[in-house]
Amino acid sequence: MFERFNTEARQVVVMAQETARELAHHHIGTEHVLLALLKPEGSAIRRSLEALGLSEATALEAVLDAVPRGTAAPPGHIAFTPRSKKVLQLSLREALARNDDHIGPEHLLLGILTEGEGVGAQILLRDGRTADRIRQAVLPPGRTSGTAVPRTPAAEEVLARAEALAAGAPVGSQHLLEALAMTPSGVAGRALADLGVTGETLSARIDDLDVEGTGDSTPELAAAATMTLAVDDAQVVLTSADPDLVARVTALVEQAGGPLTGKGPLAGPFIAQHRALETVVTALDAVINPPEPAPDAPPAPSLRERLRRRSG
């Protein structure tokens, strides 16, 4: 992917790492990418965002409010967070959607917007700024969208089913394959049915496989695969074995001299974590206990059966 980055976009990536080091942050987040985009004086991105009321100084102030300056600059390489890695991936998608043959700073900014939940996006979408206003300011006239490829009704149904199967995760080839089998109105669905392939048999086979090491793997999926949510002794326990996250939390615990709790000066971040966990639980409930399907909808593989297969 990096071979598609033009010189300016490569400089933004380098500047994001330098910015994280200057702030003594042990990660490169979406906020550092945003600050790097605002750094070059006279750049089109900087002028566009300044016209919308966001300067480098105000962005830096907002970043430090969200992520306070560290005590010591990290040695050696600084890793990108899963969110900032996703921004880089989304920048490629933004470029392809506009038929651009390279990834420039504008695509990185649009990637931050599309990711939508990182500190960078939160700062961008303040003070009356909207994603549409930012896109219009950043993209020259005639480049606000790519050329849409027409799809048949059956293809639209397949894509909608694939997104539902992904349940918020990136849509992978496995979701598309299952969705094809679950859409008998399309030619592909009929061909699979003639071959005796059903959504149920596909889901069982797919659950025996692992996306790791395939083209359907992403950094966020790899991190999510290490996570577990359970109840132990009347306490909700959320665990993660993601190496980057473990390293960052280890450093924070060492700096604090013991476990981090939501009491006292750390209440603010833990309140945000509590809200995030409530959102996760609500999303999980919607996936595990979905609304009743329409009477004419084709049968879908049982999610609870799939969960039993996975846990077994």
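**A guided tour of the predicted model**

Helix H1 passes helix H2 in a right-handed crossing, where right-handed means that the near helix is turned clockwise from the far one, and left-handed anticlockwise, by less than a right angle. The structure is a predicted model, in which local features need pLDDT of at least 70, side-chain atom pairs count only at pLDDT 80 or more, and totals for chains, interfaces and linings use all residues. Residues are numbered from 1 along each chain as its sequence is written, and side-chain values use heavy atoms, with hydrogens and water left out.

Select residues 7-22 for H1 and residues 30-38 for H2; their axes come within 8 Å and cross at roughly 115 degrees. Helices (H or I, at least four residues) and strands (E, at least two) are DSSP runs. Axes are lines fitted to C-alpha atoms over the stretch in contact, with angles from 0 to 180 degrees between N-to-C directions. Next, display Val12, Met15, Ala16, Thr19 and Ala20 of H1, which meet His32, Val33, Leu35, Ala36 and Leu37 of H2 (contact means heavy atoms within 4.5 Å). The residues of this contact comprise eight nonpolar, two polar and no charged.

Now select residues 228-232, strand S1, and residues 235-239, strand S2, which pair in the antiparallel sense over five bridges (pairing requires at least two DSSP bridges). Thr228 has Thr239 of S2 as its bridge partner, and Ala230 has Val237. Two residues lie between the strands of this hairpin, where Asp233 takes a positive phi near 55 degrees.

Terms used:
Ala, Val, Leu, Ile, Met, Phe, Trp, Tyr, Cys and Pro count as nonpolar, Asp, Glu, Lys and Arg as charged, and the others, Gly among them, as polar.
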